[in-house]
Amino acid sequence: MTTLKILKYVLYDVLRSKMIIIYTLLLFAISFGIIYTGKDVSKAVISLLNIVLLVVPLVSIIFGTIHFYNSKEFMEMLLAMPVKRKNIFWAEYAGLSAALAAGFVLGTGLPLLLYGGAKGSFYLLLSGVFLTFIFTALAFLASVINKDKAKGIGISLVVWFYMSVIFDALVLVLYFVFSSYPLEKATIIVSALNPVDLARILILLKLDVSALMGYTGATLQQFFGSAFGILFSMGFLFLWVLMPTLLALSVFNRKNF
Amino acid sequence: MNKIKYILIILAITALNSFGKEIIVNPGESIKSAVQLSVKGDRVIVKEGLYKEAEILIDKPIELIGEGYPTIDGFSKGEIIIIRSDSVTVKGFYVNNSGFSGMRDYAAIRIEDSKHCNILSNKLINNYFGIYLAGCDSCNVMYNEAASNAVTESSSGNGIHLWKCSYILVKNNTLTGHRDGIYFEFATFSRAENNSSFNNVRYGLHFMFSHNDEYVNNVFANNGAGVAVMYTKNVKMYNNRFEFNNGANSYGLLLKEITDSYIENNNFTGNTVGIYSEGGTRLLIAGNEFNSNGYALKMLGNCTDDTVRGNNFSSNTFDVTTNSSRNSNLFMGNYWDKYKGYDLDKNGTGDVPYRPVSLFSKIVEETPEAVFLLRSFVADLLDMAERVVPVFTPESLIDETPKMNRVIN
Amino acid sequence: MIKIENLKKKFDKNEALKGVSLTLGEGTVAAVMGPNGSGKTTMLKCILGLVKADSGSIYVNDCHVNGECEYRKHIGYMPQYSCFPENLKVKEVMAMIKDIRGNNCTYDEELLEKLKIAEMNDKQIGQLSGGMKQRVSSAAAFLFGGDIIILDEPTAGLDPVSSEIVKNKILAEKAKGKLIIITSHIVSEVEAMADRIIYMLEGKIYFDSTKDELYSTTGKGNLNQAIASLIETAESEGKN
């Protein structure tokens, strides 16, 4: 209950912030542009996929970090009231990620909806929402373990870059190095280690199912070809929301303000 | 004048006589004995009802006609109708439940060494083989529906099976739930037209060593492995639809050792591989639509002198892949939706060439698990770099005249 | 009302509190003074539960401070810097505090009126000047009538009129029997309001006495001189 009371005011604050409004409008403009200038709506979804996988995590983690540091005094003020720390944490986290997710769904979903919804739209939006919640959680984690704002933002940027680029490059290198070994199971395990990859797979399972079905190995075939892949991705995405959040909360509970 | 009238009347009467009489079979009576009683040119008319009979042998040129779709139920005992005579017509029956055997290819309707037979408008339910033609010539198989419930390849037969035949017309049939919907082996100068073959365990259409055939306006959808065309010369495949044939070893169209053939104006949608070509020589692949396939066109290195012209490639995961670093085929005037070039002189043809083979598809070719990185930022980056400076993809596999807009066929 | 026993806190290598013990009763205005880094903010934050002490214990109204939050319903707090979310309106801030504190608390309309909060009601916090923010912040501290009020530099940034209002409010609350803890650098202000001076130095309470005691032991007539003389004595003793 207390969480909801605070959440209400966190939402009032965040939804009025210029950043969120600009983010929503920008996403809307880009999505609208891609969908309406393109010849083919399924191609538009693919272009949007790249935005979802790069921009959503970046904005979520940077804005999340900045927001956390800017709210520090407010949190102190709340902490001096008869309110449990975890209530404050959940309110801040839920408020911010819900606002960012709403901005994303509105900005990207509305143009898709106006177009009549292309194949993969639902999973595109779902992945974006998951990534928003995950990267906001990572932002809170980076902020809560660091007193220094600049350092916190730096760590956030590194985390984003690692998840979006470095990780996949490393995986590719591993494929080359171990190309003579069976890598089926390793591939599935590795995919669980990066939420951006999980989100990408979730969309691909709808968008590129034909190509994914072409794989001859039984494990990956099963993974790509059935509801198993979707369940797996969603399950691990959910874990990716939960783990950093709980970790950040436990640090938050012990933190000296 | 009167004389001529009389002659005409007499001629007409004798003609009627020679075209035979009608024999009516009612429920409870035997079709088999009616057929035995009939003579050349008779018409055996079977009234609506259930007939539990098998091994009905037709060895003289008669018409066997069902009225109101009577059902001949073979009760899983061997074959149901066997034709060993020219000029036989079988029309308008439900022919159900042939025998299943690992030793013999039991069929609902079998035609052996005959000419000018017509198998028309029958419904063949739950048979091992549907219509089996062996050593036939100039027969028509039209408007039939064959539906079975095949589960595995080894325990099922084909919908329409041709073996050592020529000049057969297979038209407007619907085939589903068999091993292969339509199977041609050593069938030449034949034509498959307007057939619909879907949900078969193996191939929608399968043919081997069947030269000089034509396949027009057929639909092949959701079959276990698509359509396979093997070891054949001079085939024409026009206006067919190859749809949603998905799976690890599944193709819209599988070509193996095909020469001097034409694949034009077909539509390949949602297949794991649109066309897979192994040893295709002097093929013309033109005016086809490749839409939403995993791989639109997989051409192995032993494909030579093929021409890929005026096709539309859109929303495919990969457009063209090959296992070779050389290319001896010609790509020209296709529309590629991934093409990012420009057209300054506004002639509809892009001013920079297009390379349809992406580096990432090469990587996937070598390390299939890498498909996991599909559409990742890193994969896109690699493709971009390779497009600018091609190192790993075949240099001559290039469309010098890519179209700016969809080709209208 | 507040009892602190041997409170210790270390931040990395920096010992912020080196064993502080203190008892504060009702009807008092206690001024915590001392240079920057002397540990006064850390001590106040320990009372509020913002900083978790390494050892020692704190009792607020006989309630042991150990991570539970209920005791804080007795405490009103005004931080040194204004701290409300930028995009909230003033009336939303007030409503929020009411929401969180619960509806059963008394609502000090008189103070709101005096500090002219109503005329800012529809403005967002981000649009307010520093002084206006402090007015909101101090109103928030007194709003619900808790019996312990902690004010960190309460009059810094306030205009003279508001500053007077707050000072009067402090004295009035004291008269009602509340405990008010303030930190301040403005000695005259402390002199005017406080009846107990707690001076902290390097994580310890350097001296703790009533204003009257201070005057009589040092023989000085005003607070400034009294504190200065105490520190001088300490330093000369240190040299010897």
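Helix H4 of chain A covers residues 72-79, and its buried residues are Phe74(A), Met75(A), Met77(A), Leu78(A) and Leu79(A). Buried means that 20 or more other C-beta atoms lie within 10 Å of the residue's own; exposed means 12 or fewer, partly exposed means in between, and C-beta atoms are placed from the backbone. Helices are DSSP runs of H or I with at least four residues, strands are runs of E with at least two, and both are numbered from the N terminus.

The model is predicted: local features need pLDDT of at least 70, side-chain atom pairs count only at pLDDT 80 or more, and totals for chains, interfaces and linings use all residues. Residues are numbered from 1 along each chain as its sequence is written, while chains are lettered from A and ligands numbered from 1 in the order in which they are written.

What do the buried residues of H4(A) pack against? Within chain A, they meet helix H1 (2-15) and helix H5 (85-115). They also meet helix H1 (40-48) of chain C. Two residues are in contact if their C-beta atoms, placed from the backbone, lie within 7 Å.

**Chain A as a whole**

Chain A has twelve helices and zero strands. Of its 257 residues, 51% count as buried. The C-alpha trace spans about 60 × 45 × 35 Å along its principal axes. A compact globule with 257 residues would have a radius of gyration near 18 Å; chain A has 19 Å, which agrees. That radius is taken over C-alpha atoms, and the globule rule is 2.2 Å times the number of residues to the power 0.38. Among contacts in chain A with a separation of 6 or more, 81% come from residues 24 or more positions apart.

One helix pair shows the packing. Helix H6 (residues 121-144) of chain A and H9(A) pack at an angle of about 170°, with their axes 9 Å apart. That makes H6(A) roughly antiparallel to H9(A). Axes are lines fitted to C-alpha atoms, for helices over the stretch in contact, and angles run from 0 to 180 degrees between N-to-C directions. Angles under 35 degrees count as roughly parallel, over 145 as roughly antiparallel, 65 to 115 as roughly perpendicular and the rest as oblique. On the H6(A) side, the contact includes Phe130(A), Leu131(A) and Ile134(A). Ala, Val, Leu, Ile, Met, Phe, Trp, Tyr, Cys and Pro count as nonpolar; Asp, Glu, Lys and Arg count as charged; the others, Gly among them, count as polar.

**Where chains meet**

Of the two pairs of chains in contact, chains A and B share the most contacts. Here, 32 residues of chain A touch 29 residues of chain B. H7(A) gives the most to the chain A side, with seven residues. By class, that side has 16 nonpolar, ten polar and six charged residues.

Chain C also touches chain A: the contact takes 25 residues from chain C and 22 residues from chain A. H2(C) gives the largest share of the chain C side, five residues. By class, this side has 14 nonpolar, two polar and nine charged residues. Chains B and C share no contact, and their closest C-alpha atoms lie 36 Å apart.

**Strands of chain C**

Two strands pair if DSSP finds at least two bridges between them.

| Strand pair | Sense | Bridges |
|---|---|---|
| E1(C) (2-11) and E2(C) (14-24) | antiparallel | eight bridges |
| E1(C) and E4(C) (55-60) | antiparallel | five bridges |
| E3(C) (28-33) and E8(C) (179-183) | parallel | five bridges |

Lys3(C) stands opposite Thr23(C) in E2(C). In E4(C), its bridge partner is Tyr59(C). The hairpin of E1(C) and E2(C) has two residues between the strands, and Asp12(C) there takes a positive phi near 50°. In another pair, Val32(C) stands opposite Thr183(C) in E8(C).

Chain C also holds an open sheet of six strands, in the order E6-E7-E8-E3-E9-E10, with mixed pairing. Which strands stand at the edges? They are E6(C) (75-78) and E10(C) (204-210); each has a single partner strand, so one side of each is left without a neighbour in the sheet. The twist averages 15° from one strand to the next. H1(C) lies across E3, E6, E7, E8 and E9 of chain C, running at about 145° to E7(C).
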